[in-house]
Amino acid sequence: MRNNRRKTPDGPAAFTLIETLTAVMLTALLITAVMAMYYHTRRGIARLAGQIDENRLAREILQKVAEDIDRLAAPGFDATMAFRNKYDNGYNAAQLTLENKFYGSAVPPKPEIYDRVVWQTLYDDWNRTLTLYRMHEGLNLEDKVLEKDAAASPSLGMFIPVADGLTHFEMVTVDGETVTAQWDKPTLPTSVRIGVSFAPMEQLPDGRLGVPPELILYRTVAIDRTRFIPYKFVPRTLDAAGIETAEDEKQKEEQAKDASTEEAPADNPEPPPAEPEQRQ
């Protein structure tokens, strides 16, 4: 076999230019493959971390909405609820309004808003997704330390952004097999199902764009202001003749004590006297 290496006068044969370029090219290819694998793994980890954060944020949103429903639909207040759904630039958007009132000491009594909370989504042209807002107003202050005066509080009546990047926000009520996507009645529904998702929209089996149901986090909140407890009154005649009073019980205790004292034997009993003998 012919040796293609060039011999040097001061040492053994060295690598040719072709061999050096080949080694450099293989090293570059190896580094490129390693870097591609590294970036692919990094993107996968970032995607997984983003999904975990989105699920956690969606659960926190559901928890906060459920807390508002439980708090504002409490017994003792004139509570009302209204919600509606619509399509905003292809996204399922919704608005929820919770309100309760109380009647003060004015004459005649005048209803005043004690709490009002509004959850609402709005399309964001910059991110091309939905942004979720929350608004609170009323006489009840959520932060008793920072908000000392309801009239002077700058946060009352303002829509505060809660989260952006939403792709689905839904409010429905389920009564048996009937699903209602809009509620504006003066009475409260029995339950509300809330749906939140940050997943990208896909083409659904019916041909329209939307978020698949398996990628939407749902939570059903039961509303039970005044639970009905069945109660039946049974009339009954009370006979007081057989009821012993405290004096009767005390008298019985004294009689029992006296009887036990009389019947107790003496410590040194005397012998009975002898009978006189009869003379015959």
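A salt bridge here is a side-chain nitrogen of Lys or Arg within 4 Å of a carboxyl oxygen of Asp or Glu. By this rule the count comes to seven salt bridges. This is a predicted model, where local features need pLDDT of at least 70, side-chain atom pairs count only at pLDDT 80 or more, and totals for chains, interfaces and linings use all residues. Residues are numbered from 1 along each chain as its sequence is written, and side-chain values use heavy atoms, with hydrogens and water left out.

**Stop 1: salt bridges**

Select Asp 68 and Arg 134. Their side chains meet in a salt bridge, 3.1 Å from N to O. Asp 68 lies in helix 1 and Arg 134 in strand 6 (residues 129-137), so the pair ties together parts that are 66 residues apart in sequence. Helices (H or I, at least four residues) and strands (E, at least two) are DSSP runs, numbered from the N terminus.

Are these two residues buried or exposed? Buried means under 20% relative accessible area, exposed means over 50%, and partly exposed is in between (1.4 Å probe, protein chains only). Asp 68 counts as buried, at 1% relative accessibility. Arg 134 is buried too, with a relative accessible area of 12%.

Next, select Lys 101 and Glu 99. They form a salt bridge, and the closest N and O atoms are 3.7 Å apart. Lys 101 is partly exposed at 30% relative accessibility. Glu 99 is buried, at 13%.

Now go to Arg 208 and Asp 206. Here the side chains meet in a salt bridge of 3.0 Å, N to O. Arg 208 is partly exposed at 40% relative accessibility, while Asp 206 is exposed at 54%.

**Stop 2**

Select residues 191-197. This is strand 11, and six of its seven residues are buried, so the strand is largely enclosed by the rest of the structure.

Which strands pair with strand 11? Two strands pair if DSSP finds at least two bridges between them. Strand 8 (residues 168-175) pairs with strand 11 in the antiparallel sense, over five bridges. To see one of the contacts, select Phe 169: its bridge partner in strand 11 is Val 196. Strand 14 (residues 217-222) also runs antiparallel to strand 11, and six bridges join them. Select Ile 194 here; its bridge partner in strand 14 is Arg 219.

**Stop 3: two surface patches**

Show the surface. Patches are made of residues with over 30% relative accessible area and no salt bridge; like charges are joined within 9 Å, and nonpolar side chains (Val, Leu, Ile, Met, Phe, Trp, Tyr) within 5 Å. Accessible areas come from the Shrake-Rupley method with a 1.4 Å probe, and for residues only the protein chains shown count as cover.

Select Ile 31, Met 35, Tyr 38 and Tyr 39. They form a nonpolar patch with about 400 Å² of accessible area together. Ile 31 sits in helix 1 (residues 17-72). This residue is partly exposed, at 49% relative accessibility.

Move on to Glu 247, Asp 248, Glu 249, Glu 253, Glu 254 and Asp 258. These residues form a negative surface patch. Asp and Glu count as negative and Lys and Arg as positive, while His and the chain ends are not counted. The place of a charge is taken as NZ of Lys, CZ of Arg, CG of Asp or CD of Glu. Glu 249 is in helix 2 (residues 246-263). Its relative accessible area is 43%, which makes Glu 249 partly exposed.

**Stop 4: backbone and a buried leucine**

Most residues other than glycine have a negative phi. Select Asn 89. Its phi is positive, near 55 degrees. Asn 89 is in the loop between strand 3 (78-88) and strand 4 (91-103), and is exposed at 54% relative accessibility.

Next comes Arg 128. Its phi is also positive, about 60 degrees, although Arg 128 is not a glycine. Find Arg 128 in the loop between strand 5 (111-124) and strand 6. At 56% relative accessibility, Arg 128 is exposed.

End at Leu 130, in strand 6. Leu 130 is buried, with a relative accessible area of 0%. The C-alpha atoms of Leu 130 and Gln 120 are 9.8 Å apart in space, and the residues are 10 apart in sequence.
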